[in-house]
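Hi,

Here is the structure I promised to pass on. Have a look at it first, and then read my notes below.

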Amino acid sequence: MQVPPFSLDQQLSEIGEDIKSSVLNVLSSGNYIGGEEVKKFESSFAEKTGVKHVIGCNSGTDALILALRALNIGPGDEVITPSFSFFATAEAISNVGAKPVFVDTDPANYLVDLNLLQQAVTQSTKAVLPVHLFGRPVDMDQIMSFAKRNEIKVIEDCAQAAGSEWGGKPVGSIGDIGCFSFFPTKNLGAAGDGGAVTTNDENLATAIRQLAVHGMPRRYFHTQLGYNSRLDAIQAAVLNVKLEHLFKWVIKRTEIAKRYHQLLKDIPGIILPEFSQNHTHINSWNQFVVRVQSSILDKAIINQDVNKQPIINNINLPNSSSRDWLKQTLSEYGVNTIIYYPIPIHLQPVYQKLGNKINSLPNTEILCSEVLSLPIFPELSIEQQDYVVNAIKQSIQKASLI
Ligand SMILES: *Cc1c(COP(=O)(O)O)cnc(C)c1O
């Protein structure tokens, strides 16, 4: 059996016809930029997210850039953000000319360590940019009181968290601005790139809308340098069909996560992500990420160079041999996993080039050497999931016999 980390095959066979007719409508309407489908998507997504304004744009990365620009964040400013995320989070901050100030990770939930936020604040801090990584919402009560205390703004990176909630409120509706991605592997995926910005603030919404279209409040009249970043009508047509299924899909993802939890508990060396039944938050489970502890597979990797410690920017990274070994062994069973993310952002070569002071963020570095994302998507079958679980069990057993 082959189990992919992610697949759209079954989803397409269920809703492919609806998507086709929606896309064909756009094609025959001739309205390829803006138009009814985009308007409809913006208003339905606003309703589902519980915000007043949604502005469609070209990608999640653009959503972050538009949010930062709308808050007048630029050169000389600092934005506090986790190092454990997809690179785009920090890239957006750097691309507007500001400086990302990286904070270490809480290994219990893979999210920014809330206890380290205050010490990252300087006179230049303008905003905090938490990431609801893998679909798990950050504690927004704490983020909001931290931001209020320090008089800074909050931009939520919701790229992986469509369908997640904190304290009964959808992510993206709590901070000043929320940024979503519709990259095909996200919870709500387009048939290409797409993104959206959410806010309850009318002035910010206006600023974002203008920035997304060349800084143009009215046609051919430009008050600032903006971007060409629109949600395509064809993508909006796809998203309008899929949005109706989002919450059902989140429930399926949650069932899969729950089942992984039951079936994988008590495996030595494998640490599972918290499966909290806590009603204050809804995790939309964009990824199910386990940690493969470095010690446990020592026997299996005895023939490999266990002392092989990668060094980046003079920082010795923790050894990832056990995780890499498990990933390889699972692939021999046909179980395909992904590493989100192998290298912390603060150690990416570009940040050394940009002259950032490079400090070690030990928890992030350990996580990057241990994390492994198991296959999860709403249509993953019980048989496929059982196969994944057995492959993991057999691999670990093999490791302890070697
Ligand atoms: C995917 C992602 C982005 C960027 O979204 P794109 O649509 O690919 O530009 C930003 N932040 C996080 C956490 C992501 O996962």
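Let's start with the inside. The largest nonpolar core has 58 residues, and Y260, L264 and F288 have the most contacts within it. Helix 12 (residues 382-401) supplies the largest share of this core, six residues. Both domain 1 (9-243) and domain 2 (246-401) put at least three residues into this core. Keep in mind that this is a predicted model.

Leaving aside neighbours within four places in sequence, L264 is in contact with L272, F288, L374, V389 and I392. There is also a second, separate core of 27 residues, and I55, L68, V96 and A98 are among them. In soluble globular proteins, nonpolar side chains tend to be buried together.

Now for the outside. L24, L27, Y32, I33 and I234 make a nonpolar surface patch of about 460 Å². I33 sits in the loop between helix 1 (9-29) and helix 2 (36-49). Is I33 buried or exposed? I33 counts as exposed because its relative accessibility is 54%, and the cut-off for exposed is over 50%.

Y110 isn't a glycine, yet its phi is positive, about 70 degrees. You'll find Y110 in the loop between strand 4 (105-106) and strand 5 (111-112), and Y110 is buried, at 6% relative accessible area. E151, another residue other than glycine, has a positive phi near 50 degrees, but E151 is exposed, at 73%. Finally, a cis peptide bond links Y340 and Y341, with omega about 5 degrees; Y341 is in the loop between helix 9 (321-332) and helix 10 (349-353).

Cheers

Key
Residues are numbered from 1 along each chain as its sequence is written. This is a predicted model: local features need pLDDT of at least 70, side-chain atom pairs count only at pLDDT 80 or more; totals for chains, interfaces and linings use all residues. Side-chain values use heavy atoms; hydrogens and water are left out. Patches are made of residues with over 30% relative accessible area and no salt bridge: like charges are joined within 9 Å, nonpolar side chains (Val, Leu, Ile, Met, Phe, Trp, Tyr) within 5 Å. Accessible areas come from the Shrake-Rupley method with a 1.4 Å probe; for residues, only the protein chains shown count as cover. A salt bridge is a side-chain nitrogen of Lys or Arg within 4 Å of a carboxyl oxygen of Asp or Glu. Helices (H or I, at least four residues) and strands (E, at least two) are DSSP runs, numbered from the N terminus. Buried means under 20% relative accessible area, exposed over 50%, partly exposed in between (1.4 Å probe, protein chains only). A nonpolar core is a set of buried Ala, Val, Leu, Ile, Met, Phe, Trp, Tyr and Cys residues joined through side-chain atoms within 4.5 Å. Domain bounds come from an automatic or database domain assignment. Contact means heavy atoms within 4.5 Å.
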